[in-house]
Amino acid sequence: MGMFEGKAVLVTGAASGIGAAAAQRFAEEGAAVVVADMNRDGAEAVAELIRKTGARAHAVAADVAKADDNQAMVKAAIDRFGALDAAYLNAGAYVQTPFEEETEVNFERMFAINLKGAFLGLKAVLPALSKNGAAVVTASTSGVIGLGVAAAYSSAKHGVIGLVRSSSQAFAARGTRVNGICPGPVATAILGIEGVPSIAPADTLEATPYAGMLTPQHIAELALFLASPRSGGINGQYMIADAGFLASYPPMPAA
Ligand SMILES: NC(=O)c1ccc[n+]([C@@H]2O[C@H](COP(=O)([O-])OP(=O)(O)OC[C@H]3O[C@@H](n4cnc5c(N)ncnc54)[C@H](O)[C@@H]3O)[C@@H](O)[C@H]2O)c1
């Protein structure tokens, strides 16, 4: 039996990269998946890919920076699948700009998508999750250390970690947990590698070389763990998946 047999799971940013890998993996593990993204066609394509495997999936076009869209994707999960058992709030956007050239417009955009999006997502999801449900949010290693080439993004991701911690008590009496993931570099569109990632059997994944690029599925597997009862003792935390880069100083020279 799959880890999410009979469960309904919402994934945002699910048209591409980490979210697309996670949506496929949740479905493989038995979940009915709401595939949410502002890219409607992309979300529909991932939902269709999942349905072709025999699993249940429903695409929703949603801009996570809008409160109504967040409420609508939760409603879609409950209307379609009868409940919401876990949510992976993963949508995000990255803009690389030296601090000297950083603009107020970009700062506000990075905060609207990456931080306000996570806030509105948690506001919509947490009260709706079933008992012992879990929310997982994608932050970033640049939410733990500064990123000189992307100050607005990095600042917003620091905020995501504060949000995860600050929201973790809110519904804990019902067993609801909130945790974050801080990926290092992952091979996705954000780093110029476009497309819906293919999925390998989870037990065959290869380790990333020190400080190398992770696959979307490496992050997806962590999201599944944090969204499942297997991580029932973990709440208000973030887990770093960066192939060891931030673990020690000075960094090892590249191989
Ligand atoms: N790829 C990396 O190296 C890396 C590292 C650390 C953190 N992250 C984070 O991982 C998450 C997923 O990114 P990815 O690497 O898979 O990139 P990606 O570009 O492949 O996927 C991001 C998805 O989010 C969607 N999206 C963007 N803005 C949205 C909005 N306002 N509403 C709804 N959907 C929106 C995009 O359409 C896209 O499908 C992001 O939060 C990102 O910040 C990525």
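**Exercises on the ligand site and backbone**

A polar side-chain atom of Asp-37 lies 2.6 Å from an oxygen atom of the ligand, a polar contact being a pair of N or O atoms within 3.5 Å. The model is predicted, so that local features need pLDDT of at least 70 and side-chain atom pairs pLDDT 80 or more, while totals for chains, interfaces and linings use all residues. Residues are numbered from 1 along each chain as its sequence is written, and side-chain values use heavy atoms, without hydrogens and water.

**Exercise 1.** Identify the backbone atoms that approach nitrogen atoms of the ligand, and state how much of the ligand the protein covers.

*Solution.* Begin with Ala-62, which has a polar backbone atom 3.4 Å from a nitrogen atom of the ligand. Continue with Val-64, where a backbone N or O atom lies 2.9 Å from a nitrogen atom of the ligand. Of the 830 Å² of accessible area that the ligand has on its own, the protein covers 92%, by the Shrake-Rupley method with a 1.4 Å probe.

**Exercise 2.** Describe the residues around the ligand.

*Solution.* The shell holds 27 residues, among which Ser-16, Ile-18, Asp-37, Tyr-153 and Thr-188 come nearest; a residue counts as near if one of its heavy atoms lies within 4 Å. Sorted by class, the shell has 15 nonpolar, 9 polar and 3 charged residues, with Tyr and Cys counted as nonpolar and Gly as polar.

**Exercise 3.** Locate the salt bridge of Arg-25 and relate it to the helix.

*Solution.* The structure holds 6 salt bridges, each a side-chain nitrogen of Lys or Arg within 4 Å of a carboxyl oxygen of Asp or Glu. One of them joins Arg-25 to Glu-28, with the closest N and O atoms 2.8 Å apart. Because the two residues are 3 apart in helix H1, about one helical turn separates them; helices are DSSP runs (H or I) of at least four residues, and strands (E) of at least two.

**Exercise 4.** Find the backbone exceptions to the general rule that most residues other than glycine have a negative phi and most peptide bonds are trans.

*Solution.* Asn-132 has a positive phi, near 65 degrees, and lies in the loop between helix H4 (104-125) and strand S5 (134-138). The peptide bond from Tyr-249 to Pro-250 is cis, with omega near 0 degrees, and Pro-250 is in the segment after strand S7 (238-241).

Methods. A polar contact is a pair of N or O atoms within 3.5 Å; within protein, one must be able to donate a hydrogen and the other to accept it, and residues adjacent in sequence count only if both atoms are side-chain atoms.
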